[in-house]
Amino acid sequence: MRRKPRIPPSPLPQRHGVDPVRIKLPQGGRRGTVREHLVERLAAGAGVIDGMIGEGLIVGEDGRPLTAETAYVPGMFVWFHRELPDEERVPFALDVVYRDEHIVVADKPHFLATTPRGSHVAETVLARLRRELDLPTLGAAHRLDRLTAGLVLFTVRPEERGAYQSLFRDKLVGKEYEAVAAYDAGLDLPRTVRSRIVKERGVLAAQEVAGEPNAVSRVELREHRDGVGLYRLLPRTGQTHQLRVHMNALGVPILGDPLYPVVTGPVPAGDFRRPLQLLARVLEFTDPVTGHDHRFVSGRGLQAWTSYDAWASYGT
């Protein structure tokens, strides 16, 4: 069995709960200097790279700053901190519903990304929890869309993360969602929806295409009133935007969805109106480390169900 290559520990500490960027120089890379490779590889430009090197911000495995003349060595690692973007703080509470020496379960609000990505870096669940709980080793076992609220599982010890991630990979986690969408008296529910979903890199919305199904969701109607329904959604698989795509395919897209059925323009930073009415309500599994059976329930609600008029008129 081929052993995984060793990745050395970072010589740089986290900053605002965010890990430094780690780059491995390719084995097939052309010879020269590390500087030349970074200028070619990164979009920052030669001036930015030269400035970072001049300030000693790019370091090697031993923590020593690189110079403009540091030779390119295939397979070597270098680290640096990215410049954090200006981020609008998501003004909603991030709740911890469970914590032990192995895991943390958070109940995240709408609009807060799970992990650093793109323009959302320090203002994410992972970075916030690392800061607030003083747990720099915390890592995500899975993710929720930024616009979806509810339960997310994190691991405390890096060496145990794979065991918890395998629960999701092997479909050993019970997940239950709630959603608010229009009520259609002609829609036959409950039903199981099966389709093939494809999400292309750089394209905002996923698509249903012909072929062997790779996405399975159970859709149930719990209640309805005044033309609005409260739905219970049970995903059997974990394709990107799966529940949103399936609800749209049934003709009842989830309220507040900016992608389905139509991709709308980008929401300005700081606009927290009309959140997507999708909530990861229940998370249950047998702990692969302790053997304990866990069942967690989100304490959040969906505003379009509890107060539709307030949700619909907010910000108008």
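What you have is a predicted model, where local features need pLDDT of at least 70, side-chain atom pairs count only at pLDDT 80 or more, and totals for chains, interfaces and linings use all residues. Residues are numbered from 1 along each chain as its sequence is written, and side-chain values use heavy atoms, with hydrogens and water left out.

**Overall picture**

- Along the principal axes, the C-alpha atoms take up a box of roughly 70 × 50 × 45 Å.
- Of the 316 residues in the chain, 44% are buried (buried is under 20% relative accessible area, exposed is over 50%, and partly exposed is in between, with a 1.4 Å probe and protein chains only).
- The areas themselves come from the Shrake-Rupley method, and for residues only the protein chains shown count as cover.

**The annotated domain**

- UniProt, in an unreviewed entry, lists residues 102-249 as "domain: Pseudouridine synthase RsuA/RluA-like"; its positions are given in the numbering used here, feature names are shortened, and annotations may be inferred rather than shown by experiment.
- Over residues 102-249 the chain is 36% strand and 18% helix, and the end C-alpha atoms sit 39 Å apart.

**Salt bridges**

- The whole structure has 19 salt bridges, each one a side-chain nitrogen of Lys or Arg within 4 Å of a carboxyl oxygen of Asp or Glu.
- One of them pairs the side chains of Glu 123 and Arg 89, at 3.6 Å from N to O. Glu 123 sits in the loop between β4 (103-108) and α3 (125-133), and Arg 89 in the loop between β2 (77-80) and β3 (95-99), so this pair ties together parts 34 residues apart in sequence.
- Within that pair, Glu 123 is buried with a relative accessible area of 8%, while Arg 89 is partly exposed at 48%.
- Arg 169 and Asp 170 make another salt bridge, with the closest N and O atoms 3.0 Å apart. Here Arg 169 is exposed, at 60% relative accessible area, and Asp 170 is partly exposed at 38%.
- Arg 273 bridges to Asp 271, with 2.7 Å between the closest N and O atoms. Arg 273 is partly exposed at 37% relative accessibility, whereas Asp 271 is buried at 16%.
- There's also a network: Glu 176, Arg 218, Glu 220 and Arg 232 are joined by salt bridges that share partners.

**More on Asp 271**

- Asp 271 belongs to the loop between α5 and β12.
- Asp 271 and Leu 38 are 233 residues apart along the chain, and their C-alpha atoms are separated by 36 Å.

**A positive surface patch**

- Arg 117, Arg 143, Lys 199 and Arg 201 gather into a patch of positive charge on the surface.
- To count in a patch, a residue needs over 30% relative accessible area and no salt bridge; like charges are joined within 9 Å, and nonpolar side chains (Val, Leu, Ile, Met, Phe, Trp, Tyr) within 5 Å.
- Lys and Arg count as positive and Asp and Glu as negative, with His and the chain ends not counted; a charge is placed at NZ of Lys, CZ of Arg, CG of Asp or CD of Glu.
- As for Arg 143, it lies in the loop between β5 (139-140) and β6 (149-155) and is exposed, at 59% relative accessibility.

**Cis peptide bonds**

- Leu 189 and Pro 190 are linked by a cis peptide bond, with omega about 5 degrees. Pro 190 falls in the loop between β7 (174-182) and β8 (191-198).
- Tyr 260 to Pro 261 is cis too, with omega near 10 degrees. Pro 261 is in the loop between α5 (242-249) and β12 (278-286).

**Positive phi outside glycine**

- Asp 134 has a positive phi, near 55 degrees, despite being a residue other than glycine. Asp 134 is in the loop between α3 and β5 and is exposed at 63% relative accessibility.
- Asp 226, not a glycine either, has a positive phi of about 50 degrees. Asp 226 sits in the loop between β10 (215-225) and β11 (228-235), exposed at 78% relative accessibility.

Key. Areas by Shrake-Rupley, 256 points an atom, 1.4 Å probe, with all protein chains shown as cover. Helix = DSSP H or I, 4+ residues; strand = E, 2+ residues; numbered from the N terminus.
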